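Welcome! Take a moment to look over the sequence and turn the model around before reading on.

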Amino acid sequence: QVQVVESGGGLVQPGGSLRLSCAASGIIFSLNDMGWYRQAPGKERELVADITISGSANYADSVKGRFTISRDNAKNTVYLQMNSLKPDDTAVYYCHVNHVNSWGTRRDYWGQGTQVTVSS
């Protein structure tokens, strides 16, 4: 079983920055893709950014040039640096990890979510 815990959310003014962290723990064999999704009130959950085990990153068009995803494989941790934040970035941010066990079975795990509010 894998546990996923996010941290780093909060209230920030437009134009400000926040850094989200997500640590996976438990019985871990290998983590494939790790990423961040978000869900705003009344909207569906959407991909913000994800990153492969080799470090190849993918971003939603709405955050390109403002957000940077990175990971530390030794610490089973993924980060999301968010700069130039806008009110439209307000949402609950969820961490996602794709775990592969020793038999090659894949399973998705999600964190509990962390609130990011961008407001003056």
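A residue is called buried when its relative accessible area is under 20%, exposed when it is over 50%, and partly exposed in between (1.4 Å probe, protein chains only). By that scale serine 84, at 40% relative accessibility, counts as partly exposed. This is a predicted model, in which local features need pLDDT of at least 70 and side-chain atom pairs count only at pLDDT 80 or more, while totals for chains, interfaces and linings use all residues. Residues are numbered from 1 along each chain as its sequence is written, and side-chain values use heavy atoms, with hydrogens and water left out.

**The chain as a whole**

- The chain has 0 helices and 11 strands; helices (H or I, at least four residues) and strands (E, at least two) are DSSP runs, numbered from the N terminus.
- The radius of gyration of the chain is 14 Å, close to the 14 Å that the globule rule gives for 120 residues, so the chain is as compact as a globular protein of that length. This radius is taken over C-alpha atoms, and the rule is 2.2 Å times the number of residues to the power 0.38.
- Along the principal axes, the C-alpha atoms fill a box of roughly 50 × 25 × 25 Å.
- Of the 120 residues in the chain, 41% are buried.
- Contact means heavy atoms within 4.5 Å. Among the contacts in the chain with a separation of 6 or more, 54% are between residues 24 or more positions apart.

**The nonpolar core**

- In soluble globular proteins, nonpolar side chains tend to be buried together.
- A nonpolar core is a set of buried Ala, Val, Leu, Ile, Met, Phe, Trp, Tyr and Cys residues joined through side-chain atoms within 4.5 Å.
- The largest such core here has 29 residues, and those touching the most other members are Trp36, Val48, Phe67, Val78, Leu80, Met82 and Tyr93.
- Elements giving two or more residues to this core include β1 (2–7), β3 (18–26), β4 (30–39) and β9 (91–100).
- Leaving aside neighbours within four places in sequence, tyrosine 93 is in contact with residues including Trp36, Val48, Phe67, Leu80 and Met82.

- Serine 21 sits in strand β3 and counts as buried at 18% relative accessibility. Beyond four places in sequence, its contacts include Val5, Trp36 and Val78.
- Asparagine 98 belongs to strand β9 and is buried, with a relative accessible area of 11%. Not counting residues up to four places away in sequence, asparagine 98 touches Ser30, Leu31, Asn32, Asp33, Arg106, Arg107 and Asp108.
- The C-alpha atoms of asparagine 98 and methionine 82 are separated by 22 Å, with the two residues 16 apart along the chain.

**Loops**

- Most residues other than glycine have a negative phi, and most peptide bonds are trans.
- Asparagine 76, in the loop between β7 and β8, has a positive phi near 50°. At 22% relative accessibility, asparagine 76 is partly exposed.
- Serine 84 also has a positive phi, near 50°, and lies in the loop between β8 and β9.
- Aspartate 88 is found in the loop between β8 and β9 and is exposed, with a relative accessible area of 69%.
- How far apart in space are aspartate 88 and valine 118, C-alpha to C-alpha, and what is their separation in sequence? They are 7.6 Å apart in space and 30 residues apart in sequence.
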